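I opened this notebook to record what I looked up in the structure, entry by entry. The coordinates and sequence come first, and my notes follow.

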Amino acid sequence: GSSLAIVQPRAGTAILGPAAVDGLRRGRLWTESLVTTVPPAVSSSGIATNNMSVAMAAWAGGAALGLGSLYVILLNGFLLGAVLATTVHYGLAGRLLEFVSAHGPLEITLILATAAGGLSLGQALVAAEDRPRREVVRGASRRALVLLLGCLPWFVLLGAVEAIVSPAPTVPGPLKAALGLALEAL
């Protein structure tokens, strides 16, 4: 995603859309609208719902022999790379990384963890080893479900952080990064 957006900047602008790109041209990130246009509770709920949907898609993608899980991981990595390269083009990558630093580390970890649960289910479907496939799939499903259910509540907290702390101009960047590292450590 980064390579494509560097070589062909229109790729990144196609992902972000015209309004976000217009803001980038004027030196503003689209993330600033989180604190100006929508109440934090509404933003937080929407963000948490979106991130849970991505995590559940990554998890459920395991039922397609793991291919769906890989697709979600690769697509999200591609999009993140393209968006970051686009902000580099407009000289705003530092501000985007500051925005992401409070919630991004744990968010990415949780999405990768749920995708790993999906991949374990896909592996059970493909390679049952020397036990009956039904038994292997049942065990993998239970472990993957426990993993998913352990990850989902964190997205509620991250939604609040992304809606309140991440876009707040009054919270210094190092404090956002420290919060991101602390959440990751937890």
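**Entry 1. Confidence and conventions**

I began with the confidence values of this predicted model. The chain has a mean pLDDT of 93, and 99% of its residues reach 70 or more; pLDDT is the predictor's confidence in each residue, from 0 to 100. By element, the lowest mean pLDDT, 87, belongs to α2, and the highest, 97, to helix α9 (residues 173–185). I note that, for a predicted model, local features need pLDDT of at least 70 and side-chain atom pairs count only at pLDDT 80 or more, whereas totals for chains, interfaces and linings use all residues. Residues are numbered from 1 along each chain as its sequence is written, and side-chain values use heavy atoms, with hydrogens and water left out.

**Entry 2. Overall layout**

I next looked up the secondary structure, in which helices (H or I, at least four residues) and strands (E, at least two) are DSSP runs numbered from the N terminus. The chain has nine helices and zero strands. Its C-alpha atoms fill a box of roughly 60 × 35 × 25 Å along the principal axes.

Of the 186 residues, 40% count as buried; buried means under 20% relative accessible area, exposed over 50% and partly exposed in between, with a 1.4 Å probe and protein chains only. The accessible surface comes to about 9,900 Å², and 69% of that surface belongs to carbon and sulfur atoms. These areas come from the Shrake-Rupley method with a 1.4 Å probe, and for residues only the protein chains shown count as cover.

I also checked the contacts, defined as heavy atoms within 4.5 Å. Among contacts between residues at least 6 apart in sequence, 76% join residues at least 24 apart.

**Entry 3. The nonpolar cores**

Which residues have the most contacts inside the largest nonpolar core? I found Leu106, Leu110, Phe155, Leu158 and Leu183, in a core of 17 residues. A nonpolar core is here a set of buried Ala, Val, Leu, Ile, Met, Phe, Trp, Tyr and Cys residues joined through side-chain atoms within 4.5 Å. At least two residues of this core come from each of α4 (40–60), α7 (104–126) and α8 (133–165). The largest share, six residues, is supplied by α8.

I then followed Leu183. Not counting residues up to four places away in sequence, Leu183 touches Ala102, Leu106, Leu157, Leu158 and Val161. A second, separate core has twelve residues, among them Val21, Leu29, Ile47 and Val83.

**Entry 4. Helix α2 and its end**

I returned to α2 (residues 9–16), where Ala11, Gly12, Thr13 and Leu16 are buried. These buried residues pack against α1 (2–7), α3 (18–25) and α5 (67–89). Ala14 lies in this helix too. Is Ala14 buried or exposed? Ala14 counts as exposed because its relative accessible area is 62%. The C-alpha atoms of Ala14 and Leu34, 20 residues apart along the chain, are separated by 21 Å. Just after α2, Gly17 takes a positive phi of about 95°.

Phi of Leu65 is near 60°, a positive value in a residue other than glycine.

**Entry 5. Three further positions**

Why does Thr31 count as buried? Thr31 counts as buried because its relative accessibility is 7%. The residue lies in the loop between α3 and α4. Leaving aside neighbours within four places in sequence, Thr31 is in contact with Phe99 and Pro167.

Ala93 is found in helix α6 (residues 93–101) and, at 15% relative accessibility, counts as buried. With neighbours within four places in sequence left aside, Ala93 is in contact with Leu84, Thr87 and Val88. Ala93 and Leu29 are 64 residues apart along the chain, and their C-alpha atoms are separated by 9.6 Å.

Val165 touches Ala102, Ala160, Val171, Lys176 and Leu179, residues up to four places away in sequence not being counted. From Val165 to Ala41 there are 124 residues in sequence and 12 Å in space, C-alpha to C-alpha.
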